[in-house]
Amino acid sequence: MHPLDLIKTRLQIQSKNVSAPNDPRYYNGIFDCFRKMYKHEGLFSFWKGIIPPILAETPKRAVKFFTFEQYKALFLFGSPHATPLTFSLAGLGAGVTEAILVNPFEVVKVTLQANMAKGKELPSTWSVTRQIVRDSGLGLRGLNKGITATVARNGAFNMVYFGFYHSVKGYLPEFKDPVQEFFRKVGIGFVSGTLASCFNIPFDVAKSRIQGPQPVPNEIKYCSTFRTVIMVYREEGFFALYKGLLPKVLRLGPGGAIMLVVYDYMYHFLIEKFPN
């Protein structure tokens, strides 16, 4: 799944300033990006920046699902049963909390993914982290650059992701056959991940532009979330806000379905096993 995430980032950070079709930095779509990266950077370039997600993945998922349950209880508003609004608000809260945790890892990851060096020329994760901290510190221009965009991206994604899944799952009739029931949940999870990806991708594009290399060295063009969204829209058109959507959906559609279904089964298993 990581190569798809890398392709997404490469497509999103590509602005109108990179316009020469023969330039190895210019990608004319997902397959052209795969081809040019393989040609100019080698096979292992598809795993650039994989260390930060590996380090963040387990605590990130734990925080997401744990805080979702806490926010769900908070947003019941005195009702004995959760409503679609409850699920959506709980997902929003979980996404915001998750974003604050993972943003430093995202900054390092995007920096590594944007680097076009080949093989051993690519700096290590630790050296990139040290350089970011040394040059810009831990604040909003350093290791926490683009945090508002990450909060908007993760909050919007999880609001739709959890809100749609749990609401639709409650409305559609369950199957008695466990195999059919499994695929019912997988189908709802896949649609949830796909819809959430389509909904939050403008914030994802803004995050990549803010955290990635600026078009002009030593000049900050992309700095705030909504200003970046508006700038991309005005300079490159509406569809530029959806750059990287295909690799994002290919990754988070099935990935999101598997994650939600595993969580769902494990949650009910633990509730039955430890009712108190």
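Lys185 sits in helix H7 and Asp264 in helix H9 (residues 245-273), so the pair ties together parts that are 79 residues apart in sequence. Asp264 is buried too, with a relative accessible area of 2%. All of this comes from a predicted model, and buried here means under 20% relative accessible area.

**Overall build**

- The protein chain has nine helices and zero strands, so its pattern along the sequence reads α-α-α-α-α-α-α-α-α.
- With a radius of gyration of 20 Å, close to the 19 Å that the globule rule gives for 276 residues, the chain is as compact as a globular protein of that length.
- Taken along the principal axes, the C-alpha atoms fill a box of roughly 55 × 40 × 35 Å.
- Of the 276 residues, 47% count as buried.
- Take the contacts with a separation of 6 or more: residues 24 or more positions apart account for 72% of them.

**Surface and charge**

- The accessible surface of the protein chain comes to about 14500 Å², and carbon and sulfur atoms own 67% of that area.
- On the charge side, the chain carries 33 positive and 19 negative side chains. The centres of these two sets lie 5 Å apart.
- Side chains of opposite charge can pair when their charged atoms come close.
- Searching the whole structure turns up 23 salt bridges.

**Glu41 and Arg10: H2 to H1**

- Glu41 forms a salt bridge with Arg10, and the closest N and O atoms are 2.9 Å apart.
- Glu41 belongs to helix H2 (residues 30-41) and Arg10 to helix H1 (residues 2-13), so this pair ties together parts that are 31 residues apart in sequence.
- Is Glu41 buried or exposed? At 6% relative accessibility, Glu41 counts as buried.
- Arg10 is buried as well, at a relative accessible area of 1%.

**Lys207 and Glu106: H7 to H4**

- Lys207 pairs with Glu106 in a salt bridge whose closest N and O atoms are 2.8 Å apart.
- This one links distant parts of the chain, with Lys207 in helix H7 (residues 178-211) and Glu106 in helix H4 (residues 84-114), 101 residues apart.
- Lys207 is buried, with a relative accessible area of 1%, and Glu106 counts as buried at 9% relative accessibility.
- Both residues also belong to a network of salt bridges, in which Lys207 and Glu106 are linked with Asp5, Lys8, Lys109, Arg153, Asp204, Lys248 and Arg251.

- Where does Gln14 lie? Gln14 is in the loop between H1 and H2.
- Despite that loop position, Gln14 is buried, with a relative accessible area of 9%.
- Which residues does Gln14 touch, leaving aside those up to four places away in sequence? Gln14 touches Arg25, Tyr26, Tyr27, Arg209, Glu236 and Lys243.

Notes:
Residues numbered from 1 in each chain as written. Predicted model: local features only at pLDDT ≥ 70, side-chain atom pairs only at ≥ 80, totals over all residues. Heavy atoms only, no water. Helix = DSSP H or I, 4+ residues; strand = E, 2+ residues; numbered from the N terminus. Rg over C-alpha atoms; globule rule 2.2 N^0.38 Å. Buried < 20%, exposed > 50% of the residue type's maximum accessible area, 1.4 Å probe, protein only. Contact = heavy atoms within 4.5 Å. Areas by Shrake-Rupley, 256 points an atom, 1.4 Å probe, with all protein chains shown as cover. Lys, Arg positive; Asp, Glu negative; His and termini not counted. Charge placed at Lys NZ, Arg CZ, Asp CG, Glu CD. Salt bridge = Lys/Arg side-chain N within 4 Å of Asp/Glu carboxyl O.
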